[in-house]
Amino acid sequence: MTAELWDVSRLRFEETAPPALTAAQRTTMDARWAAAVRANPTLFDGPVAALAGYERDGAGGLSVSWTRLTYRFRALRGLPGAPAVAALFVAVLQPPGGTLEPPGDGGALDLELLRAHAARELAEETGSDTSAAALVPGPVVLGARGSLGFLFTAPPRPARELRERYAELARTETASGVEPEFDLELAAGRFLGA
């Protein structure tokens, strides 16, 4: 399956219960997660908003069912009979993105929360201070693995400013012992076709 871009004029979100797991599936998931953490101790089993399903209405509407999970549920991928776990993500056309976290207890998942997560991802990965309000919703993308992404466009900024902000972020992260999540040179090379 290749990725598809959809023009969406109306979004509706509905929270659903997490998928039920058998005892064997939970044991396998936990063992796979433990092995992944041993291989990469920086992994964090934080909260994620996962895609439970979606429906398009043909008139620009998209209804999204989602559930609250943690990253460890990704360890179920490829396990026969396990529930399919697909990501909900946001991306900013500058171009960082990341997995969507669920809203706080009782909070609603909506376009404004997606916009806030997109602004946070942009700041975390590039050091940009673009506000959530400045991000313009773009198309929705259905990924090759069934993930659903909400794209935003950031306002134009001078390339020099973006590089300087990223360099400062990378210096700060490196000084604290964290490897920067976003490789600016690699991304620039891919973008420019290098």
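Glu121 has a relative accessibility of 5% and therefore counts as buried, a word used here for a relative accessible area under 20%, while over 50% is exposed and anything in between is partly exposed, as found with a 1.4 Å probe on protein chains only. The model is a predicted one, in which local features need pLDDT of at least 70 and side-chain atom pairs count only at pLDDT 80 or more, whereas totals for chains, interfaces and linings use all residues. Residues are numbered from 1 along each chain as its sequence is written, and side-chain values use heavy atoms, with hydrogens and water left out.

Glu121 belongs to helix H2; helices (H or I, at least four residues) and strands (E, at least two) are taken as DSSP runs and numbered from the N terminus. Although Glu121 and Val90 are 31 residues apart along the chain, their C-alpha atoms are separated by 8.2 Å. Ala119 is also placed in helix H2, and Ala119 is buried too, because its relative accessibility is 9%. Apart from neighbours within four places in sequence, Ala119 makes contact (heavy atoms within 4.5 Å) with Thr130, Ser131, Ala132 and Leu135. Between Ala119 and Phe44, which are 75 residues apart along the chain, the C-alpha separation is 21 Å.

How does one describe the way in which helix H2 packs with another helix, H3? Two packed helices are described by the angle between their axes and the distance between the axes. Here helix H2 (residues 111-126) and helix H3 (residues 159-175) meet at an angle of about 70°, and their axes are 7 Å apart; the axes are lines fitted to C-alpha atoms, for helices over the stretch in contact, and the angles run from 0 to 180 degrees between N-to-C directions. H2 and H3 are therefore roughly perpendicular to each other, since angles of 65 to 115 degrees are given that name, while those under 35 count as roughly parallel, those over 145 as roughly antiparallel and the rest as oblique. On the H2 side the contact is made by Ala123, Glu124, Glu125 and Thr126, and on the H3 side by Leu162, Arg165, Tyr166, Leu169 and Glu173. These contact residues divide into 4 nonpolar, 1 polar and 4 charged, where Ala, Val, Leu, Ile, Met, Phe, Trp, Tyr, Cys and Pro count as nonpolar, Asp, Glu, Lys and Arg as charged, and the others, Gly among them, as polar.

From the helices we turn to the strands. Val92 sits in strand S5 and is buried, because its relative accessibility is 1%. Leaving out residues within four places in sequence, Val92 is in contact with Ala118, Leu122, Leu135, Phe152 and Ala154. Leu62 is found in strand S4 (residues 61-70), and with a relative accessible area of 2% Leu62 is buried as well. The C-alpha atoms of Leu62 and Arg12 are 6.3 Å apart, although 50 residues separate the two along the chain. Among the contacts of Leu62 beyond four places in sequence are Trp6, Val8, Tyr54, Val140, Leu148 and Phe150.

In helix H1 (residues 23-39) lies Gln25, which is buried because its relative accessibility is 11%. Not counting residues up to four places away in sequence, Gln25 touches Ala20, Leu76, Leu79, Gly81, Ala82 and Pro83.

A cavity is a set of points, on a 1 Å grid over the protein atoms alone, where a 1.4 Å probe fits but cannot get out, and its lining residues have an atom within 4 Å of a point. The count comes to 1 cavity of 30 Å³ or more, and the largest cavity holds about 70 Å³ of space. Of the 13 residues that line the largest cavity, Val48, Arg74, Val85, Ala86 and Ala87 are the closest to its centre. Strand S3 (47-56) and strand S5 (86-92) are the elements that give two or more residues to this lining, whose residues divide into 9 nonpolar, 2 polar and 2 charged.

Methods: On a 1 Å grid over the protein atoms alone, a cavity is a set of points where a 1.4 Å probe fits but cannot get out, and a pocket is an open set with protein on both sides within 12 Å along at least five of seven lines; lining residues have an atom within 4 Å of a point. Grid points are joined across faces, edges and corners, and a volume is the space filled by probe spheres set on the points.
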